Amino acid sequence: MSSVVLITGVSRHLGARLAEQLADDPAIDRVIGIDATAPRKADLERLGRTEFVRADIRNPLIAKVIAQAQVDTVVHAAALDATTGSLGGVGARVSPKDHDVVGTMQLLAACQKSDTVSRVVVKSTTAVYGSGPGDPAVFTEDMHATGHAPCGYAKGAVEVEGYVRGFMRRRPDITVTILRYASLIGPTIESPLTRYLAMPLVPTSIGFDPRLQLLHEADAVEVLRHAAVAEHPGVFNVAADGVVLLSQAVRRAGRLRLPVPAPAISFVGGLVRNSGVVEFSAEQASFLNYGRVVDTARLREGFGYLPRFSTQQALASYLDALPGLRGLPGLPGLGAGALRAVESLAGRLARVV
Amino acid sequence: MDEARVIPLHGDDQPPRRRGSGRRPAAVPNAEASIHSLSAAEPVRPPAGDVPGWERRVADGLAFLRRRIAGDYAVDDFGFDADLTENVVIPLFKPLYDRWFRVEVNGIDNVPSDGGALLVANHAGGLWALDAAMTAVAVHEEHPAGRHLRMLGADLVFGTPGVGALARKTGATLACNPDAERLLAAGELVGVWPEGFKGIGKPYRDRYRLQRFGRGGFVHAALKSGVPIVPVSVVGSEEIHPVLANAKTLARILDLPYFPITPTFPWLGPLGLVPLPSKWYIQFGEPIPTAGLGQDHADDPVVLFELTDRVRETIQSTLNRLLVQRRSVWR
């Protein structure tokens with residue numbers, strides 16, 4: 001069976017890695033990547049035989065591309081992109097609504113008109129569950145955000161999924177996979193979380209210590225690839241095993257926490273945002289208070305994928321690649337110095353005992 | 001694993017027993033099992049009389065400090081930090097448990113050594129849920145398997161800065177059926193206080209009078225998971241902060257479920273938070289098995305209400321009995 005795969009967001013991390021993998025797969029005839037910006041130079045060689053179309057998916061041109069190339073699998077990796085935007089998963093500096101929602105609508109409209117498309121994979125985010133004190137500790141795919149109306153980025157994600165469900169009703173013959181990704185992390189990906197943890201002083205809200213569940217970039221690409229090459233209808237949470245607390249992650253990173261009163265975190269975040277490091281919004285502040293953990297039983301049993309990295313391993317893989325702090329030499333030294341002092345004390349004691 | 005199934009059956013077939021594993025008919029295998037689980041559950045605890053106490057303690061303390069600074073410890077999906085709970089939180093509560101309240105525990109062997117079980121207790125205390133903390137310390141310190149009690153709390157707890165984070169780290173999670181069922185399915189001991197704020201904030205004149213037990217959500221969770229329900233009766237908790245009145249307007253302004261006025265709170269400020277030193281008794285009752293009832297009954301309101309009432313009656317009658325036996329509130 002001939003197979004033509006269209007990947008959106010191919011100039012960004014996930015899309016590029018996925019295109020690279022699929023281009024290496026002899027069972028796939030053509031890989032078409034689409035994005036509004038050209039791929040980075042470093043990615044160009046790795047993309048192999050991927051054909052690149054420079055277009056914004058908000059442009060109706062996308063329907064023409066699908067029709068002409070007789071695309072049968074559409075992977076919407078650009079939806080709710082992980083590399084720009086918010087901590088609780090993802091988001092975009094441009095109004096997320098504009099890019100994600102309108103782009104998804106346009107893409108789904110093109111798929112709906114097509115006779116050749118048989119499989120659609122949409123990357124979503126666990127941000128659709130929200131995070132709050134009244135939420136269950138672990139979200140399964142059947143749960144919805146409770147008690148608080150989603151805002152900002154999460155609202156965009158909920159709307160995107162709403163349009164995807166509408167599309168599923170109109171074209172029941174097309175297999176649709178919705179993948180809800182947890183916060184991405186890894187040695188090469190750049191995400192709000194990686195930028196946040198790379199800060200020398202990490203602002204956290206006083207009295208809160210969110211549970212973070214991560215997903216290693218390699219697992220993220222692998223799950224997308226599985227969904228692109230085989231039938232996996234349904235909604236799946238995609239996240240690594242286990243949890244780290246934010247305080248624990250900051251300690252492991254050898255950073256210091258800057259505890260800020262919860263209401264002030266968006267203000268401090270605003271200062272940080274203006275410095276261009278990381279963005280904060282009300283919804284991220286709530287993520288920084290409560291965190292979010294999802295159930296991945298369906299990913300293991302229904303989808304048949306076991307993430308290779310646990311949350312702890314994914315964090316370690318990111319931290320190993322993290323460059324040392326520039327400009328502020330004294331700060332991480334504090335944690336490491338205390339650690340050395342404790343270790344030498346323990347060593348001396350072990351000799352005595 | 002076998003023992004978890006054996007214990008509720010014993011409870012079902014035998015006449016009620018008090019305490020002490022010595023009276024068990026199958027004393028030998030049980031003793032072996034409990035020794036085994038003791039060593040398996042607590043590898044950190046030093047064997048008595050091995051190395052000089054203080055040196056071992058300093059070494060343990062340094063190892064703990066090293067783990068904390070490096071972030072080298074595990075936290076489960078609910079945010080439970082066993083390392084912190086065992087090494088900091090329980091040792092902090094232990095003097096309160098031993099010296100201040102002089103807690104006397106009965107029937108700890110009614111709590112299964114492994115596998116899930118739902119502990120249902122009366123709720124009191126006026127200002128803060130000390131009864132929950134003391135029950136958790138009792139389960140961890142008195143039970144041969146040293147198990148942790150996973151407490152279910154209100155969303156107000158988890159939305160409060162400091163309190164919420166600490167609650168999660170000590171094993172608590174939101175009182176909702178998905179969380180309870182997930183914990184029970186994982187074979188954890190889950191503690192629930194179904195009276196909620198109605199119990200903890202009730203006036204002193206209503207002491208030891210059980211309030212409404214909600215809609216029986218906890219019974220639903222136990223039925224669905226097929227785990228036994230262990231009724232827990234706590235005496236002594238009602239006297240620590242006698243609630244004389246409830247400042248309703250103030251509670252509404254502060255968006256709290258109630259605002260207690262006690263002889264010391266809020267008059268003495270933070271000093272008002274010091275509990276009165278009442279003598280406590282915690283009675284773990286005979287487990288009520290639910291496995292035989294089947295999961296189909298989890299949604300049957302008749303079964304739910306009957307079981308809820310049975311648990312409530314058991315706790316109330318145990319409370320009444322303990323109150324009659326008690327010579328004084330303070331001794």
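**Figure 1. Strand β9 of chain B and its two neighbours.** Strand β1 (residues 104-106) of chain B pairs with β9(B) in the parallel sense, over three bridges. Two strands are said to pair if DSSP finds at least two bridges between them. Helices (H or I, at least four residues) and strands (E, at least two) are DSSP runs, numbered from the N terminus. The model shown here is predicted: local features need pLDDT of at least 70, side-chain atom pairs count only at pLDDT 80 or more, and totals for chains, interfaces and linings use all residues. Residues are numbered from 1 along each chain as its sequence is written, and chains are lettered from A and ligands numbered from 1 in the order in which they are written.

Look along the pair and you will find B:E104 opposite B:Y281, and B:N106 opposite B:Q283. Strand β6 (residues 229-235) of chain B also joins β9(B), through four bridges, and these two run antiparallel. Here B:V234 has B:I282 as its bridge partner.

Which residues of β9(B) point one way, and which the other way? B:Y281 and B:Q283 point one way from the strand (residues 281-284), B:I282 and B:F284 point the other way, and all are buried. A residue is buried if 20 or more other C-beta atoms lie within 10 Å of its own, exposed if 12 or fewer, and partly exposed in between, with C-beta atoms placed from the backbone. In a regular strand, side chains alternate between the two faces of the sheet.

**Figure 2. The whole sheet of chain B, with helices packed on it.** Stepping back, we see an open sheet of seven strands in the order β1-β9-β6-β2-β5-β3-β4 (chain B), with mixed pairing. Its edge strands are β1 and β4 (173-174) of chain B, each pairing on one side only. Helix α12 (residues 301-325) of chain B packs on this sheet and touches β2, β6 and β9 of chain B, and its direction makes about 30 degrees with that of β6(B). Helix α5(B) lies across β1, β2 (117-121), β3 (149-153), β5 (189-192), β6 and β9 of chain B, running at about 165 degrees to β3(B). Axes are lines fitted to C-alpha atoms, for helices over the stretch in contact, and angles run from 0 to 180 degrees between N-to-C directions.

**Figure 3. Two helices of chain B crossing.** The axes of helix α4 (residues 82-100) of chain B and helix α5 (residues 130-142) of chain B come within 10 Å and cross at roughly 100 degrees. That makes α4(B) roughly perpendicular to α5(B) (angles under 35 degrees count as roughly parallel, over 145 as roughly antiparallel, 65 to 115 as roughly perpendicular and the rest as oblique). Where they meet, α4(B) brings B:I90, B:F93, B:K94 and B:Y97, while α5(B) brings B:A133, B:M134, B:V137 and B:H140. Two residues are in contact if their C-beta atoms, placed from the backbone, lie within 7 Å. By class, the residues of this contact are six nonpolar, one polar and one charged. Ala, Val, Leu, Ile, Met, Phe, Trp, Tyr, Cys and Pro count as nonpolar, Asp, Glu, Lys and Arg as charged, and the others, Gly among them, as polar.

**Figure 4. The parallel sheet of chain A.** Now for the other chain: seven strands make an open sheet in the order β3-β2-β1-β4-β5-β6-β11 (chain A), with parallel pairing. The edge strands, β3 (51-54) and β11 (234-238) of chain A, each pair on one side only. On average, neighbouring strands of this sheet are turned by 20 degrees against each other, direction ignored. Strand β6 (residues 175-181) of chain A pairs with β11(A) over five bridges, in the parallel sense, and A:L179 stands opposite A:F236 there. Helix α3 (residues 61-69) of chain A lies across β1 (4-8), β2 (30-35) and β3 of chain A, at about 175 degrees to β2(A).

**Figure 5. Where the chains touch.** How many residues does each chain give to the contact? There are 29 residues from chain A and 29 residues from chain B. On the chain A side, β12 (244-245), α8 (246-252) and α13 (330-352) each supply at least two residues. The largest share, nine residues, comes from α13(A). This side of chain A has 20 nonpolar, four polar and five charged residues.
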